[in-house]
Amino acid sequence: MEASLRFPSSFLPSQPNQTLALNRTHTVPNFPVSYPYRRCRIPVIRAAISRTRKEETVDSVKNQLENCHLLAGIRFKGFTVKQFQELRRSLPDSVHLLVAKNTLVGKAIEGTQWELLRPCMKGMNAWLFVHTEEIPEALKPYRSFQRERKLEENDFVGGVFEGKFYGPEEFRFLETMPSRAEIYAKLLGSLQSPSIGIIGTLQAPARELVMVLKAYVQKLEEESNGVASNA
């Protein structure tokens, strides 16, 4: 690369208007088209975090399915954060509420009895895990919350109980079914009624037999007394 500098005569009196030529060679680095520092690795990190969170969600669902008696879906669209927190506080300890994507829940229930829930895996859902046999008492808090907050559209989308799928129109059966204590009481009553009848049937001839024996003994005593007096 050549550069020319022109100096005024005052600087160089012996050679006025002299032109000084400077020859310099500059090596321009040959940078690649894509600089290494321009490569952004954040999407890779984010993808790893996202994958980890998905795996954690699937594991969480699987853990909740252990000792679970009922798994039900609730339409979650339109819920505010405050409403969701209030709902969680209103649930008993035996009930757990989880918000998760349908795809992740579907992956967790694959190959299990809970897979019957797939027909209701549409839109945004919250999932209710019931870990008690008292199903009506477990569902009652949400019904009360739904009625008080006027959330008619946020209804149950379906549930699985004892290996059977219940649609929204069948959910009333789960909410009105008798409690375990009531079932035991009815069962005990049905078993006691025939027993009492059988015992009564067996006791009736026994009473008659006792009366006959008493009468016979009394007759024998009278006859013995009569013989003794004649003697």
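Is Glu115 buried or partly exposed? With a relative accessibility of 29%, Glu115 counts as partly exposed. Keep in mind that this is a predicted model. The side chain of Glu115 meets that of Arg118 in a salt bridge, 3.3 Å from N to O. Arg118 is partly exposed too, at a relative accessible area of 36%.

That pair brings us to the charges in general. Side chains of opposite charge can pair when their charged atoms come close. Searching the whole structure turns up six salt bridges. Take Glu86 and Arg149, whose side chains meet at 2.9 Å, N to O. Glu86 is partly exposed at 21% relative accessible area, and Arg149 is partly exposed at 32%.

Next up is Glu175, which forms a salt bridge with Arg143, the closest N and O atoms being 2.7 Å apart. Here Glu175 in helix α5 (residues 171–176) is linked to Arg143 in helix α4, 32 residues apart. Glu175 is buried, with 15% relative accessible area, and Arg143 counts as buried at 11%. Both belong to a network of salt bridges that links Arg143, Asp155, Arg172 and Glu175.

Out on the surface, Lys54, Lys62, Lys101 and Lys107 gather in a patch of positive charge. Lys54, from helix α1 (residues 42–65), is partly exposed at 42% relative accessibility.

And the cysteines? Cys68 counts as buried at 10% relative accessibility, and Cys120 counts as buried at 7%. The structure holds zero disulfides.

Methods: Residues numbered from 1 in each chain as written. Predicted model: local features only at pLDDT ≥ 70, side-chain atom pairs only at ≥ 80, totals over all residues. Heavy atoms only, no water. Patch = residues over 30% accessible without salt bridge, like charges linked within 9 Å, V, L, I, M, F, W, Y side chains within 5 Å. Areas by Shrake-Rupley, 256 points an atom, 1.4 Å probe, with all protein chains shown as cover. Salt bridge = Lys/Arg side-chain N within 4 Å of Asp/Glu carboxyl O. Lys, Arg positive; Asp, Glu negative; His and termini not counted. Charge placed at Lys NZ, Arg CZ, Asp CG, Glu CD. Helix = DSSP H or I, 4+ residues; strand = E, 2+ residues; numbered from the N terminus. Buried < 20%, exposed > 50% of the residue type's maximum accessible area, 1.4 Å probe, protein only. Disulfide = S-S within 2.5 Å.
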